[in-house]
Amino acid sequence: MTRYFSRRDFIKTTGIGTVGLALGGPAFIGKAFAQPAGRRTLRILQWSHFVPRYDRWFDPFVKRWGEEHNINVIINHISLSDLRSTFASEVVAGRGHDIVEFIDPPSDFEPSVLDLSDLNQEARHRFGQQVPFATRSSYNPDTKKYYGFCHGWTIDPGDYRKSLWQKVGKPDGPRTWEDLLVYAARIKQELGIQNGIGLSQELDSNMAGRALLWSFDTGTQDAREHVILDNRKTVEAVKYMANLYDRTLTPEVFGWTPASNNQLLIAGRASYILNSISAYRSAQKDVPEIAKDIYFSPALKGPGGSGWACEHVIYVSVIPKFAAANADIAKQFLLDLCANYDRAMWESELYASPAFFNTPLLSGDRGYPRVRGAKKMRDLFSHWFSDDPYALPGEARGKLLPLKDAESWATNVGHPGPANPAEGEIFGTYIIPNMFARVAQKQQRAEESVKQAAAECQRIFDKWRAKGLIGHRG
Amino acid sequence: MRSGRPFHRDSLTAFALLVPVVVYLAAFIGFPFVMSFIYSISNATIGDPHFSITGLNNFREMFHDAAFRTSLANTFIFTFVSIALVIVLAHILAELLIRDFPGKWIARFLLMLPWTTPIALGTIGFLWFMDSVYSPFDWLLRKLGLLGSPGDLFGPMSNLYWLARPGLAMASVILVHVWRLLPLATVILIAGLNAIPREIVEAAQIDGAGYFRRLFHITLPLLFPVIGVTVLFSVFFTFTDMTVVWILTRGGPPPHATQVLASLAFLKSIQGGDLAQGAAISLFFFPVLAGIAAIVLRLVKKAVVV
């Protein structure tokens, strides 16, 4: 007799199946992250690099490293904007990746990650001193804990169009914020090309605002992590920015994304932007005639002679507490990544710079033309920044020379103090760009806007101090 | 005769059928809701799964925060302007689409397209349209001589900067949201219009009632329950949505000109790391939406009874 599958049977079966899935699903997902017996597995989570060529090198490098150490390596690249939320979910779930790489100091994750003091000590032993702002971006002086390991950073110079600056009598581009105001205004007035400093709720506007504050000898915190924003120098900096907006910018800077300044420069519509060399590299590929006209200047100096650039892309890896079982191989991998940073520099087209300049160069074929006499990363760095290996045919040589001493004018978020969670929250919620923008838009007076921003910063600092992640150093 | 046993076969089947729904509601709505409440009275951060209860501090801080007050006002503007436009436009479209005309199915198909497009993709398309350098809208206005030269209707600047000026940015966000909600609202209203008995309309026509008299005395009163449900859906969609705002403006131009509560909660909790503050902001939705739902459903019920 044929047994028909009735509607009731169907509903029962699917109902039971759904319940089974609901109850058994988590166990199945859990198994996906479980350690298989035998060969160990290292899981790496990181952002999709701004320079795609870097990832094309990195992924096979990681696989090869895994084969050499008899380790399965799984690498997942995700969008930068998803990185924090993904890692937060993994922290709550108590399982996930063994290494997570951020491009800003993840100091608020300190309670959930391993203390990497031993790794940092071993790295200094093998590769020499770390650039100071890399240490300040991975070490909490209050808890005496290395919550991360910083292996590299990105130089953030000023990118200017030489032909435009030549026409207004400043062929070597601006050297001070005052130069920027005076000459960029002339370029806008006489040549119709605007300046390109962002005033929006985005990464590069955050960077520009901090660079300006530090160059005016002020900032959000002092070296002992006390809020100092509400002072006369901040008010001057805010008034300067409002003036810069009036004379050199257009309303579009209030709506910018991190890519907008690159886009404006490449479109030939910006005289100056604050950015890494990525905008220039993109122009080399897409609009060579613009690229040939792009030159670089170091951090602009303020009225007191200080000049600082904000490290808004700094590579900090963490090892979560839940990955303690794999900490040994994760640390081994990070040390080996540092040892191979010549390739990281080369494959990122000089976008990434090493945090350990005294790392000895490995022998053998390194995938780039050998540099005579180069023994350490520093030698390679100096050579490549003196004579850009990626310069276009017929392009002027030595354009990257002003960036050779970038580590002396680059500094971390939180300068002159460490990059603590309060600084991270201030950065992540755009309090500084908003402070500048309110005055540029004439919604508030400079003094009021600074007071409001300082009060917001103070509230954030108090909260994190109560959590014990910022100390009470007097 | 049915058995008197408490666990009759049918009862068990009914129970089994209900279990998935109960599990789903408990896991994906109940549990997050309870967690949100707990987080909102704690000092939880995204970097630390441990937290302690701190009382109502987060709510007090929330009300003192200028960004929250701005976002609250923006949320109401965004929601009510969007919904008013959706209801008016949906009604016009529904009136047109219930009539017979050549190519009616193509028109209906085109109308539904925005609803079938993933919202993130559609919004990214608009992001390009409203780009500060390459906007095709601006290009068209320049070609028409309406933008880019002194004396032009939209000003001498080369671009309108859709997403950089506070008023225009809010208008852009509303425009994209209306584009997204319009198909659903239109389809619901078409169904409502088709359900109105033809004889009532015909009787009114015979009695000499004109279009507007029929609209305000017959169509709209009979459509009221349908419009109520449409409004309710739209309010929920709009009040809790951050996709359009986040992709187009990320809450800017500064300071928070288009920030809505949903995007502010994300900004504070994920980007800022303050999970507790984010949870407090999201919980603000609950009494507001519950209140709106209660009012609308009451009005709808009244209309149906009448």
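Predicted model: local features only at pLDDT ≥ 70, side-chain atom pairs only at ≥ 80, totals over all residues.
Q: How many Å should helix H7 of chain A span, and how far apart are its end C-alpha atoms?
A: The expected span of a helix is 1.5 Å times one less than its number of residues. Helix H7 of chain A runs over residues 177-191, so its 15 residues should span 21 Å, and the 20 Å between its end C-alpha atoms agrees with that.

Q: Which residues in H7(A) are buried?
A: A residue is buried if 20 or more other C-beta atoms lie within 10 Å of its own, exposed if 12 or fewer do, and partly exposed in between, with the C-beta atoms placed from the backbone. By that rule A:Trp177, A:Leu180, A:Tyr183, A:Ala184 and A:Ile187 are buried in H7(A). They cover an arc of only 135° around the axis (taken from the directions from the helix axis to the C-beta atoms), and therefore they lie on the same side of H7(A). The face turned away from that buried side carries the exposed residues A:Gln189 and A:Glu190.

Q: What covers the buried residues of H7(A)?
A: Here we use contact, which two residues make if their C-beta atoms, placed from the backbone, lie within 7 Å. The cover over the buried residues of H7(A) includes helix H8 (203-215), helix H9 (232-248) and strand E9 (270-274) of chain A.

Q: What order do the strands of the open sheet in chain A have?
A: Two strands pair if DSSP finds at least two bridges between them. This open sheet has 6 strands in the order E2-E1-E3-E12-E6-E13, with mixed pairing. Its edge strands, each of which pairs on one side only, are E2 (71-78) and E13 (353-354) of chain A. Strand E1 (residues 40-47) and strand E3 (residues 99-102) of chain A run parallel over 3 bridges, and A:Leu45 stands opposite A:Val100 in E3(A).

Q: How many residues of strand E6 of chain A are buried?
A: In strand E6 (residues 149-153) of chain A, 5 of the 5 residues are buried, so the strand is largely enclosed by the rest of the structure. E6(A) is joined by 4 bridges to strand E12 (residues 314-318) of chain A in the antiparallel sense, and it also pairs antiparallel with E13(A) over 2 bridges. A:Gly152 takes part in both pairings, for its bridge partner in E12(A) is A:Tyr315, while in E13(A) it stands opposite A:Pro354.

Q: What radius of gyration does chain B have?
A: The radius of gyration is taken over C-alpha atoms, and the globule rule is 2.2 Å times the number of residues to the power 0.38. For the 306 residues of chain B a compact globule would come to near 19 Å, but chain B has 24 Å. For the 474 residues of chain A the rule gives a value near 23 Å, and the 25 Å of chain A agrees with it. Chain B has 13 helices and 0 strands, whereas chain A has 19 helices and 14 strands.

Q: How many residues does the contact take from chain B and from chain A?
A: It takes 38 residues from chain B and 43 residues from chain A. On the side of chain B that touches chain A, the largest share, 7 residues, comes from H1(B). That side divides into 20 nonpolar residues (Ala, Val, Leu, Ile, Met, Phe, Trp, Tyr, Cys and Pro), 5 charged (Asp, Glu, Lys and Arg) and 13 polar (the others, Gly among them).

Q: Where does B:Asn159 lie?
A: B:Asn159 lies in the loop between helix H6 (136-143) and helix H7 (166-195) of chain B. It has 25 C-beta neighbours inside 10 Å and therefore counts as buried. Leaving aside its neighbours within four places in sequence, B:Asn159 is in contact with residues including A:Glu252 and B:Ser132.

Methods. Residues numbered from 1 in each chain as written. Chains lettered and ligands numbered in written order.
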